Amino acid sequence: MKKKLIFIIAVLVTVFMISCKKDIQEQKPVITNGINKSAMSGFVQKGPFLNGTSIAIYELDGTYNLTGKNYITQIIDNTGLFQIKNISLVSQYVLLKADGYYFNEVIGNNSS
């Protein structure tokens, strides 16, 4: 009797495991129209970043690889504000890189 019960439980567990198999497909975003902006702005914060900090915006494709298109600008004031004009992207994904100094709120001075 125990052998039958163990066999039945093993069969049920196997059937359950097989029926729970998911069909996983990688979904890639579909981009139809691209993005065209007369101006784009924002703030770069780690403190904030200071006036003159270099900002690079790199376009990424749907799998987050660089497309080769990039835009360069800089921080406008000590609040971390940046603005770039006439930006045209095919993808909705970008990598934003700030390279400069920031106000370190822990020590109360600019970063070195």
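User: Which residue's side chain does the side chain of Tyr 93 join in a polar contact?
Analyst: In this predicted model, a polar contact of 3.3 Å joins the side chains of Tyr 93 and Gln 92; the term stands for a pair of N or O atoms within 3.5 Å, where, within protein, one must be able to donate a hydrogen and the other to accept it, and residues adjacent in sequence count only if both atoms are side-chain atoms.

User: Is Tyr 93 buried, exposed or partly exposed, and what is its relative accessible area?
Analyst: Tyr 93, which lies in strand β5 (residues 93-99), is partly exposed at 23% relative accessible area, given that buried means under 20%, exposed over 50% and partly exposed in between, with a 1.4 Å probe and protein chains only.

User: And Thr 73, where is that?
Analyst: Thr 73 belongs to strand β3 (residues 66-74), strands being DSSP runs of E with at least two residues, numbered from the N terminus, and Thr 73 is buried because its relative accessible area is 18%.

User: What does the side chain of Thr 73 reach?
Analyst: It reaches the backbone oxygen of Gln 83 at 3.0 Å, and, leaving aside neighbours within four places in sequence, the contacts of Thr 73 (heavy atoms within 4.5 Å) include Thr 53, Ile 55 and Phe 82.

User: Switching topic, what is the mean pLDDT of the protein?
Analyst: The mean pLDDT, the predictor's confidence in each residue from 0 to 100, is 80, and 71% of the residues reach 70 or more. Local features here need pLDDT of at least 70, side-chain atom pairs count only at 80 or more, and totals for chains, interfaces and linings use all residues. Residues are numbered from 1 along each chain as its sequence is written, and side-chain values use heavy atoms, with hydrogens and water left out.

Technical notes
Helix = DSSP H or I, 4+ residues; strand = E, 2+ residues; numbered from the N terminus.
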